[in-house]
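User: I would like to see how the labels used for a protein model follow from their definitions. Please go through them with me.

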Amino acid sequence: MKLTMASSPHNHSLKSVNKLMTYVMLACVPGILVQSYFFGIGVFVQLALALVCVSLAEACILKIRNRPIWPTLSDGSAWLTGVLIAVSIPPLAPWWIVVIGSVFAIVIVKQLYGGLGFNLFNPAMAAYVLLLISFPVQMTLWQPISELLATPLSIYDQLCLIFTETTSAGLSLDLARQVVDGATGATPLDHVKTAVSQNMTTTEAMANIAFSRFAGEGWQWVNLAYLLGGLCLLKAKVINWHIPVAMLVSLSVCSALGFVFGGHTGTAFHLLSGATMIGAFFIATDPVSASTTNRGRLIYGALIGLLIYLIRQFGGYPDAVAFSVLLMNMAVPLIDHYTQPRTYGHGARK
């Protein structure tokens with residue numbers, strides 16, 4: 001056998017950035033399909049808008065910076081950001097929501113810091129938080145699954161709501177979200193948080209036809225689909241297991257303790273609702289903004305899981321994946337500093 005020596009860095013993977021980003025986007029397909037099945041064609045419309053916007057934003061800023069456009073754009077990082085933004089916002093949110101988020105993610109969060117590899121924060125999550133804080137009404141108008149709507153929305157009505165904010169009959173999204181008796185028009189996380197704030201128990205809050213399964217009709221299947229995609233990424237060795245496992249274990253332990261000692265919602269609810277699975281496998285594992293050491297990844301993922309539980313249970317926002325990831329992005333330099341492996345020969349006796 002011939003031994004070939006090469007200079008550092010020594011990377012065991014022969015996958016290019018483009019291939020890695022393509023793997024991740026393909027792994028999102030099961031989740032996107034299930035999400036569109038339960039929440040309508042708006043998922044694909046937002047996806048198309050996001051991909052166009054991130055491409056144009058990346059091309060424009062690269063042109064301004066006198067950088068080659070296609071080599072950078074073709075690495076796929078901007079397109080992955082667009083995909084994550086599109087699946088994170090309500091499918092029937094106005095078109096300008098995804099446009100603002102996409103431009104902010106690429107121009108401000110990514111390119112302003114120097115481009116791929118230099119951004120401190122996850123671009124998609126930074127854009128999501130900007131949109132949630134700036135436009136809370138539009139960002140929280142998730143419609144119930146089609147089966148629970150009093151009047152199902154046609155494809156044309158969904159397009160009208162996205163581009164004109166009213167249906168063909170002149171109904172706003174809030175009115176179009178009217179549901180059958182006894183069902184909830186909010187996401188499971190939002191519904192439970194609101195009900196508990198009104199002095200209801202979690203058992204009473206979940207005694208609703210929208211909670212006939214673990215974490216709300218539709219939502220558990222969306223999370224299971226993203227879990228399937230995430231397992232495919234682990235199988236292909238596109239991501240390491242440390243962050244998603246640490247995050248999910250931490251969230252499971254915290255929610256189990258909360259259920260036993262505080263009567264809070266259980267582990268299955270937290271794992272299969274909101275953005276838990278897409279956060280664990282597709283967002284927290286961002287190679288640029290996440291920790292880079294194995295011990296650091298475990299700490300990083302575990303703290304994200306802890307923050308998700310604390311914000312969901314005691315904070316003002318129903319879901320907390322984006323906030324938790326961004327907070328831990330800020331802590332990455334400190335985590336990496338104290339978890340660097342010892343240099344070979346360091347500390348040995350002379």
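Analyst: What follows is a set of labels, each set against its cut-off. This is a predicted model, in which local features need pLDDT of at least 70, side-chain atom pairs count only at pLDDT 80 or more, and totals for chains, interfaces and linings use all residues. Residues are numbered from 1 along each chain as its sequence is written, and side-chain values use heavy atoms, with hydrogens and water left out.

User: Why is Ser-36 called buried?

Analyst: Buried means under 20% relative accessible area, exposed means over 50%, and partly exposed lies in between (1.4 Å probe, protein chains only). Ser-36 has a relative accessible area of 11%, so Ser-36 is buried.

User: Why is Thr-292 called partly exposed?

Analyst: The relative accessibility of Thr-292 is 46%, and therefore Thr-292 counts as partly exposed.

User: Where is each of the two placed, Ser-36 and Thr-292?

Analyst: Helices are DSSP runs of H or I with at least four residues, strands are runs of E with at least two, and both are numbered from the N terminus. Ser-36 lies in helix H2 (residues 29-39). Thr-292 sits in the loop between helix H16 (276-283) and helix H17 (294-314). The protein chain has 18 helices and 0 strands.

User: Which residues is Thr-292 in contact with, neighbours within four places in sequence aside?

Analyst: Contact means heavy atoms within 4.5 Å. With those neighbours left out, Thr-292 is in contact with Arg-297 and Asp-336. On the same terms, Ser-36 is in contact with Ile-41, Val-43 and Phe-44.

User: What makes the link between the side chains of Thr-292 and Asp-336 a polar contact?

Analyst: A polar contact is a pair of N or O atoms within 3.5 Å; within protein, one must be able to donate a hydrogen and the other to accept it, and residues adjacent in sequence count only if both atoms are side-chain atoms. The polar contact between the side chains of Thr-292 and Asp-336 is 3.1 Å.

User: What classes of residue make up the lining of the second largest pocket?

Analyst: Ala, Val, Leu, Ile, Met, Phe, Trp, Tyr, Cys and Pro count as nonpolar, Asp, Glu, Lys and Arg as charged, and the others, Gly among them, as polar. By these classes, the lining of the second largest pocket has 21 nonpolar, 6 polar and 2 charged residues. Helix H13 (219-235) is one of the helices that supply at least two lining residues, and H13 gives the largest share, 4 residues.
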